[in-house]
Amino acid sequence: VKKYLKNSDFTLSILAEKNQAQAKLEYVKKLGLQKTICIGNGLNDHLMLKHAALGIAVIQSEGAAGITLKQADIVCPDITTALQLLLYPLRLKATLRI
């Protein structure tokens, strides 16, 4: 990944394998909870989805952890659909309206 991103304007952060749910939450806190959108499907994603400004769970072909789906604001069938919500914010508005 580092090789492919070396000429890009991205920050690559690799978290330790232990306590990933807490590590991801701490990283999101560092970025700023109120300005962070998180996308995930694993058990280790549930805390960051719960606390981020917007948490999007994706089911993907491998499925998704039940607690992660419960903690998300939105559930999408795949990453492409989740990212399209950010490109087309009226979809977000339609999904989240009360």
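Helices here are DSSP runs of type H or I with at least four residues, numbered from the N terminus. In this predicted model, helix H2 is followed by Gly32, whose phi is positive, near 115 degrees.

**Helix H2**

Helix H2 covers residues 20-31. With its 12 residues, H2 reaches 16 Å from the first C-alpha to the last, which is close to the 16 Å expected at 1.5 Å a residue. Four of its residues are named as buried: Ala21, Lys24, Leu25 and Val28. They lie on the same side of H2 because they cover an arc of only 100 degrees around the axis. The partners against which the buried residues of H2 pack are strand E1 and helix H3 (46-51).

**The largest pocket**

The largest pocket holds about 410 Å³ of space. Its lining includes Lys24 and Val28, both of which are also among the buried residues of H2. Other lining residues include Phe10, Thr11, Leu15, Ile37, Cys38, Ile39 and Met48. At least two lining residues come from each of H2 and strand E1 (37-40), and H2 gives the most, with four residues.

The table below sorts the lining by residue class.

| Class | Residues in the lining of the largest pocket |
|---|---|
| Nonpolar | nine residues |
| Polar | one residue |

**Summary**

Key
Residues numbered from 1 in each chain as written. Predicted model: local features only at pLDDT ≥ 70, side-chain atom pairs only at ≥ 80, totals over all residues. Heavy atoms only, no water. 1 Å grid on protein atoms, 1.4 Å probe; cavity = no way out; pocket = protein on both sides within 12 Å on 5 of 7 lines; lining within 4 Å. Points joined across faces, edges and corners; volume = space filled by probe spheres on them. Nonpolar A, V, L, I, M, F, W, Y, C, P; charged D, E, K, R; others polar. Expected span 1.5 Å × (residues − 1). Buried < 20%, exposed > 50% of the residue type's maximum accessible area, 1.4 Å probe, protein only. Arc of directions from axis to C-beta. Contact = heavy atoms within 4.5 Å.
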